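We will go from stop to stop, selecting a few residues each time.

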Amino acid sequence: MSDFRRYGRRGWLCGAALLAAVSWGGGAVAADQAAAAKAPDGIDAPSYGAWGFDMDGRDLSIAPGNNFFGYANGRAVHDIVIPPDMTAYGPFNMLHELSRKRVQDILNDLAAHPVADPVTVDQKLGTFYATFMDEKGIEARGTTPLAADLDAVRAVGDRSAFAALLGHAQTGFQHSLFGMGIQPDAKDPTVYALTLDQGGLGLPDRDYYLKPALAAKKTAYQAYVQQVLTLIGWPDAAKQAQAIVAFETRLAEVHWARQDMRDPDKTYNPINVADLARRAPGFDWAAY
């Protein structure tokens, strides 16, 4: 056996032993720390379940020098079952599902005690979740909770009122032709900038309105819009649905394609409000 092979193998074994010592030793330290930790009154002390490297997931029929991944993970990869509602599955998916279940358990417990006038965080969470899950109550109330928003739409009589309604949408449940937000300036992270982005489409992007291959999706979307208008009692639902989709199609015609929206230079156009009004006339930016 050559010196390289002899010391190479020894080095690998030492490395593996060191990894095992760190993994299992770390577990012991963490467990001791958890056991020694004193939790506040009314809160369970922290504890660690089984953790570390899954030795049973190895495939010992594979020589580690030939395929270390297969040796270390072969059985685990072979035996893992991807849930039917997922395209991939692994430790991070498991952690996500575990966290989701724990949050849902907390909400279910809090939702069992809703109050009419929630004050504490627990009361607000419980009441909000209980209200959201009260499907029978939602159906019984119908469109009544939407009355103020629907009245605001009906009240629009000119372009300025339309612009004002879109501006109000930024702080409510209305829809807008623009996406607005505050974030660090793309080329000067020491300052914040008010960003204005394209929006106003009910379908994912412009292609759904303009490409013949997606015409069936657009037709189905118009039928959905008609159904929603019918449910809220809007007059001439079929005609209005057609007008809405036609309007969105005109918007799609001037929307940028996704590849353009990913260009950091093309999408960086700093401008003040006065210049915005000059460069985009016909829209009441002050009312917005």
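**First stop: a loop residue**

Select aspartate 236, which is exposed, with a relative accessible area of 54%. (Exposed means over 50% relative accessible area, buried under 20%, and partly exposed in between, with a 1.4 Å probe and protein chains only.) Aspartate 236 sits in the loop between α9 (215–231) and α10. Its phi is near 50°, a positive value in a residue other than glycine.

**A word on the model**

This is a predicted model, in which local features need pLDDT of at least 70 and side-chain atom pairs count only at pLDDT 80 or more, while totals for chains, interfaces and linings use all residues. Residues are numbered from 1 along each chain as its sequence is written, and side-chain values use heavy atoms, with hydrogens and water left out.

**Zoom out**

Now show the whole chain. How many helices and strands does the protein have? There are twelve helices and two strands; these are DSSP runs numbered from the N terminus, with helices being H or I of at least four residues and strands E of at least two. Along the sequence the order is α-α-α-α-α-α-α-β-β-α-α-α-α-α.

The accessible surface comes to about 21600 Å², and 60% of it belongs to carbon and sulfur atoms; the areas come from the Shrake-Rupley method with a 1.4 Å probe, and for residues only the protein chains shown count as cover. Of the 288 residues, 17% are buried. Among contacts with a separation of 6 or more, 37% are between residues 24 or more positions apart, where contact means heavy atoms within 4.5 Å.

Select residues 68–79, which form helix α2. This helix of twelve residues reaches 18 Å from its first C-alpha to its last, close to the 16 Å expected at 1.5 Å a residue; the expected span is 1.5 Å times one less than the number of residues. Colour Gly70, Tyr71, Ala72 and Gly74, the buried residues of α2.

**Two crossing helices**

Select α3 (residues 91–111) and α4 (residues 121–133). Their axes come within 8 Å and cross at roughly 90°, so α3 is roughly perpendicular to α4. (Axes are lines fitted to C-alpha atoms, for helices over the stretch in contact, and angles run from 0 to 180 degrees between N-to-C directions; 65 to 115 degrees counts as roughly perpendicular.) Show side chains to see the contact: Gln104, Leu107, Asn108, Leu110 and Ala111 come from α3, and Asp122, Leu125, Gly126, Tyr129 and Ala130 from α4.

Go to valine 153 in helix α6 (residues 147–154). Valine 153 is partly exposed, at 32% relative accessible area. Leaving aside neighbours within four places in sequence, valine 153 is in contact with Leu165, Gln174 and Trp234. Its C-alpha is 7.6 Å from that of leucine 165, twelve residues apart in sequence.

Then pick phenylalanine 162 in helix α7 (residues 159–168). At 30% relative accessibility, phenylalanine 162 is partly exposed. Beyond neighbours within four places in sequence, phenylalanine 162 is in contact with Val156 and Leu177.

**Phenylalanine 283**

Select phenylalanine 283, in the segment after α12 (273–279). Is phenylalanine 283 buried or exposed? At 19% relative accessibility, phenylalanine 283 counts as buried. Not counting residues up to four places away in sequence, phenylalanine 283 touches Ala163, Leu166, Phe178 and Tyr288.

**Last stop: histidine 255**

Finish at histidine 255, in the loop between α10 (237–254) and α11 (258–261). Histidine 255 counts as buried, at 11% relative accessibility. Apart from neighbours within four places in sequence, histidine 255 is in contact with Gln198, Gly199, Leu201 and Arg206. Zoom in on glycine 199, whose backbone oxygen lies 3.0 Å from a polar atom of the histidine 255 side chain.

Definitions and conventions:
Angles under 35 degrees count as roughly parallel, over 145 as roughly antiparallel, 65 to 115 as roughly perpendicular and the rest as oblique. A polar contact is a pair of N or O atoms within 3.5 Å; within protein, one must be able to donate a hydrogen and the other to accept it, and residues adjacent in sequence count only if both atoms are side-chain atoms.
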